[in-house]
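Work through the exercises below with the model open. Each task is followed by its solution.

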Amino acid sequence: MLSEKMQAELNKQINAELYSAYLYLAMSAYFESEDLPGMAQWMRLQYEEEVVHALKFYDYIHERRGRVLLAPIEAVQTEWESPLAVFEAALAHEQHVTALIHALVKLATEEGDYATQSFLQWFVDEQVEEEASADAVVQQLRRVGDSASLLFLLDRELGQRQAEAGGAEAEA
Ligand code: FEO
């Protein structure tokens with residue numbers, strides 16, 4: 001059984017992952033409106049990954065015979081100054097999510113809840129990738145600067161991103 005505190009914190013993380021999904025969908029919509037279909041596609045895949053993350057927590061709570069309680073999802077930002085500002089915001093958001101995951105690991109450790117600790121390890125590793133992929137685009141956009149032709153090429157390249165193989169099923 002999960003402790004009440006752990007159940008509450010895991011439920012909060014479902015909300016945080018769905019908020020992330022909603023945020024990335026808003027970023028995708030922004031790129032659609034800016035005629036940057038590659039970046040829109042990149043963010044749409046990111047949205048889909050976050051839904052998978054939320055469902056991993058959802059399934060895990062049930063597996064431990066806990067209760068999922070879905071809370072309202074806060075509104076997200078919908079406008080940004082530039083593609084660079086969007087990816088900087090995405091990177092800052094992932095750093096925030098990493099801190100949330102680490103706080104969950106700390107709680108699991110304090111409670112001696114080794115099953116939850118083990119479950120969370122996938123997210124610890126995933127966050128390293130999540131931060132690295134957002135940071136890589138931030139660096140690329142900094143190099144692009146004001147060049148419309150380089151932005152066009154980068155957009156095309158980011159549109160090649162593929163959905164992660166497996167997703168939830170691979171880890172289930
Ligand atoms: Fe679910 Fe991007 O962290």
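This is a predicted model: local features need pLDDT of at least 70, side-chain atom pairs count only at pLDDT 80 or more; totals for chains, interfaces and linings use all residues.

Ala, Val, Leu, Ile, Met, Phe, Trp, Tyr, Cys and Pro count as nonpolar, Asp, Glu, Lys and Arg as charged, and the others, Gly among them, as polar. Numbering runs from 1 along each chain as its sequence is written, and side-chain values use heavy atoms, without hydrogens and water.

**Exercise 1.** Describe the packing of α2 against α5.

Step 1. Take the geometry. Helix α2 (residues 37–63) and helix α5 (residues 148–158) have axes that come within 7 Å and cross at roughly 35°. Axes are lines fitted to C-alpha atoms over the stretch in contact, with angles from 0 to 180 degrees between N-to-C directions. Helices are DSSP runs (H or I, at least four residues).

Step 2. List the contacts (heavy atoms within 4.5 Å). Pro37, Gly38, Met39 and Trp42 in α2 meet Leu151, Leu154, Asp155 and Leu158 in α5.

Step 3. Sort them. The contact has six nonpolar residues, one polar and one charged.

**Exercise 2.** Which residues line the largest cavity?

Step 1. Name them: Tyr24, Trp42, Gln46, Ala90, Glu130, Ser133 and Ala134. On a 1 Å grid over the protein atoms alone, a cavity is a set of points where a 1.4 Å probe fits but cannot get out; lining residues have an atom within 4 Å of a point.

Step 2. Classify. Four are nonpolar, two polar and one charged.

Step 3. Assign elements. α4 gives the most, with three residues.

Technical notes:
Helices (H or I, at least four residues) and strands (E, at least two) are DSSP runs, numbered from the N terminus. On a 1 Å grid over the protein atoms alone, a cavity is a set of points where a 1.4 Å probe fits but cannot get out, and a pocket is an open set with protein on both sides within 12 Å along at least five of seven lines; lining residues have an atom within 4 Å of a point.
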